[in-house]
Amino acid sequence: MALNRRHPAALFAVLVVGLGTTGAAYAAVSAQTAPKAAVRTETQVEQGKQLFLEGCSSCHGLAAQGGSDGPSLIGVGSAAVDFQVSTGRMPLAAPGVQAMPKTPSYNEAETAALAAFVATLAPGPAIPTEEMLNTSNAEVALGGELFRTNCAQCHGANGVGGALSQGRVAPSLMGSDAKTIYEAMVSGPQSMPVFANSTLSIEDKQGIIRYIQELQKNESPGGFSLGRLGPVTEGLFIFIAGLGALIIAAVWIGAKAK
Amino acid sequence: MNELEHPTGDPYGAKDGKDLVSGITVFPMEPHVPRKADIDPKAARRAERQVATMFGLSSLMIIAFVVAFVKIPNTSLISIPIIGVVNANHIAIGFTFGLAILLIGIGAIHWAKKLMPDEEVVQARHALTSPDEERKEVESSFKRGAAESGFKERKIIRRSLLGALALFPVPLVVLLRDLGPMPGTRLRETIWDKGIHLVTDATYKKIKASDIPLGGLINAVPENLLEVEHEEENLNQRGKASIIVVRMDPADIVSQQGQDWDYQGVLAFSKICTHLGCPTSLYQQRTHHLLCPCHQSTFDLSDSGNVVFGPAARRMPQLAITVDAEGYLVAQSGFNQPVGPSFWERG
Amino acid sequence: MSTTEESILAPAQTAPATKGGAVAAYIDDRLASASFTKRLLDKVFPDHWSFMLGEIALYSFIILLLSGTYLTLWFNPSMTEVIYNGSYVPLKGVKMSEAYSSTLAISFDVRGGLLMRQIHHWAALFFVAAVSVHLLRVFFTGAFRKPREINWVIGTLLLVLALLEGFAGYSLPDDLLSGTGLRIAEGIIQAIPLVGTYVAMFLFGGEFPGTDFMPRLYSIHILLIPGILLGLITVHLIMVFYQKHTQFPGPGRTESNVVGFRLFPIYMAKAGGFFFVVFGITVLIAALVTINPVWMYGPYTPSQVTAGSQPDWYIGWLDGAVRLTPNWETSILGHTLSWNILIPALIVPGIMFTALGLYPWIEAWATGDKREHHLLDRPRNAPTRTALGVMSLVFYMILVISGGNDVIAVAFNLSINQITWGFRVLLFVAPPLAFVITKRICLGLQRSDNNKLLHGYETGRILRLPSGEFLEIHEPIGEAERAKLLAKADVIPLELPSAVDENGVRNPKAAKSIARAKLSQWFYSDVIPTPTDAELREAAHHAEHELHQAQSHLKEIESH
């Protein structure tokens, strides 16, 4: 096998470093966003409207009614705005199949203002309060059941994400904080369907978030997790590192001693 | 070089420098080059020490293994750079055990390579073919036995025996009969029926149509699944009756499998892939596409659940739904076709 | 055995001098095993790293038996539902089968249980990987040729059984991944024409998933298949022992000898040591790298699934084939033929394994080569075989990679639809291309071998002769290299028989032999003959002359 010709330790190291830096990057991103309940004031709405007209209206329309480049924001609620803007998905860097998270363009106050403005357009799912995100009493086992029923099909049972059609992906949840997860469920960003509180109650959502937090601990009792990608990376590992090491041993055994 | 003589007389079984069998040129073996340990007693002693050190370390590792097994609780976690947060007992016993075994192996090989004689030995191959006379003897033995048995002449015995032997495995197959039931209509039926409520999976709550937002997805099961108390039957029914419920703008619905099978844009489809039966609920609300994570079959739920990509040949069966007096979703009837993968009798 | 006329039963023996001798005598008195033991201890095995690939497989199998036995002490293959109450908190209170809960218990509540589980699973991946790579070695070196065809077939059977055994093991923990795999397997069985639904119902004791299958699969996994594997491995080894190992060409190596080291003590130490190396590395991997963390996937229920549902690597090619096949299905007279399942899951694998098992006879028939072979081919010296092998390997690899198309899509930011289409095209385009390229490379290597034989190595030292001519100094290759390069038996393609006999009557049987001769000529097409002795002498003479010329020129320079 061609794979075995490279030094197995080198490839292993690349894998390790790659996964390590990804993890670190996620950790850094998740540290930035602390949930904070938004308090809506008149001035905030006014500021939000200004920001909207400057930064969003070109795609979503002057009255947020939507256009060819962006959907209507009437009735999406403050949760959707907060999710999209605070994770950096909006404003879009470039049109593509899917908006990807990046460094947010708006600070917390600006994001809150935008959310407050959009929330005035029509009633919609709101940014959750601290209390709604309190998972200390949530049932982790039930959360796991709900996670596997409603979330694992796209995000994977490990929560590391998965492929959707035509280049779209269900992102990894490993760096998402409680607020982001909650807002994603109630607002259904992009490909994701909506899981409204009426059919998946707040307690259910707390359970799911609690379970995801359990996954985010990134405990791997059995050793290095190989990115939690399942049998694919396990197979690669056995050929590159495992069989590679044994073939090196075999070459050593077969070589003449000096 | 070797004390094993080749029957041909030539040490390599060659003639005039050519291999007797293949005719390729035969070269004499290269002279043996002595190793350091062969000529330098110091080098030999060093190799001896190295081997003994490895065996000694192996014993130490086994002791460490036992200590780790007894002393480190199975529940304690430890954070190790690169590897992550792992079970301390697991990694300690695994590491010591593995190293102990590995050291025995490396020690033994090192011993063989450095200290055991490394002069190559030539051994002749013996013929894999028996001499002609022997083959003829076997043939005549067989012929004698066959003649003595009268297998050839006594036709009636031969035929009845062959008949009996042909039937002898029948009980072995028949005895397997009670492995399972006949298929019957099992693969065609689910417990869905007219008026059965749709309830959320895992939490088993009835679903109000008005509670489902646009773009919403609910993983659901029939309410009467809870009444199936027999464990096995419950699992089997769950494997067929699981559905997904989605809501889309009625204007987006291109076609449905039946007229008015939706309720105000709320549609219900089987969750069991028509390809190989994986639960399929990767619903992408913008495109209304449903993707199977196993083999990427993709169904368009806004267009009768037709296959738009992948290996599935059949559209996703749709469940006709409506609401009861209180606005809860109920089935209009059972599925009008078998759910799940195709089978020979499906038609 | 030496028998005399006086006593047939108890030949006169001298008393053994040592304790070891006494033990040997005790055994020999009962088994007359002396001559066998002598042959065993003196048995010579050739030394080459690639001959140890099969050993890796053997040792992995032993590790599997050991670790598997350990796991049976705790594993309970029952589908009875229980509420989990073990140490893994995120699943506490969840309904699951005893099979899954006992797997969790092994992982979290039995000290060393997780290690054993991981040793078992990693060893399984090792086993199939080593079997596969061993198969490639045997194929590309032509070690399957007469008289070893039967062992090749046993090897093929071992591979098939290893795949089944691995899949059974993967399915036993009853986690979300293994249940999904079984669901797919059941779907494939259902698709078999005529009997599919019956076979599925009987195997599963009713519909999927039922509760009967798990215990049935368990006895298949721990008793039936390992028993057959053990038997076949034993026969496989006895045959290697009896027929003696093949060897690579080199100085002193011929078709009628074996050059290497004796079993005792060298191979006892080397092969025995290698067992410990394989075991040690497996345990270290199991300690440091997690495999199949079943607790993350959760218990199986037929209404749940996870993204990235993959089989273990060795089933990947089947899964990949199933992913790539378009959605063909036909209905005839009220019956369904699911080509989308039958082709990738039954027909293609059936053809692949049949062709693999029959390959020694196919090649012998096509080439007309009926000789015994104990000297291995260097892959370049059998270009058509090597090209066929690489072609098949490329085909297989594309299927394996397709089995992970969703993981690739995410990792490389590609569209899964485009990847699938790309692989569909590649599956038909890449293998023939691989055939052509491989054959060219082989022929190129043969030419360079001939150059080395005739002209020696290019040293890179260039001299300018007084005439203004440039001359690169070539140095003759060593004896060992020469032996290796010259060990290429020339091949003679079958002659094309005429379609009519002497009387000008058309021979109806000729068509078959013509086809065969054509196949033989194709197999041996583009043969590059090894330099003859005369050519070699001529070249050596020429080289000497050149060297002489260069030396005198050098002397000239020095004298100035």
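The centres of domain 1 and domain 2 of chain B, taken over C-alpha atoms, are separated by 58 Å. Domain 1 of chain B covers 32-114 and domain 2 covers 186-346, with bounds from an automatic or database domain assignment. This is a predicted model: local features need pLDDT of at least 70, side-chain atom pairs count only at pLDDT 80 or more, and totals for chains, interfaces and linings use all residues. Residues are numbered from 1 along each chain as its sequence is written, and chains are lettered from A and ligands numbered from 1 in the order in which they are written.

Strand β7(B)

- In β7 (residues 217-222) of chain B, six of six residues are buried (20 or more other C-beta atoms within 10 Å of the residue's own, C-beta atoms being placed from the backbone); strands are DSSP runs (E, at least two residues), numbered from the N terminus.
- L217(B), N219(B) and V221(B) lie on one side, and I218(B), A220(B) and P222(B) on the other.
- β7(B) pairs (at least two DSSP bridges) in the antiparallel sense with β6(B) (residues 198-200) over three bridges, where V199(B) stands opposite V221(B).
- β7(B) also pairs in the antiparallel sense with β8(B) (residues 243-247) over four bridges, and I244(B) is the bridge partner of N219(B).

Chain B against chain C

- In chain B, 87 residues are in contact with 98 residues of chain C (C-beta atoms, placed from the backbone, within 7 Å).
- Helix α3(B) (a DSSP run of H or I, at least four residues) gives the most to this side of chain B, with 18 residues.
- β5(B) pairs in the antiparallel sense with β4(C) (residues 257-262) over four bridges, and V121(B) stands opposite G260(C).

Key. Buried ≥ 20, exposed ≤ 12 C-beta atoms within 10 Å, placed from the backbone. Contact = placed C-beta atoms within 7 Å.
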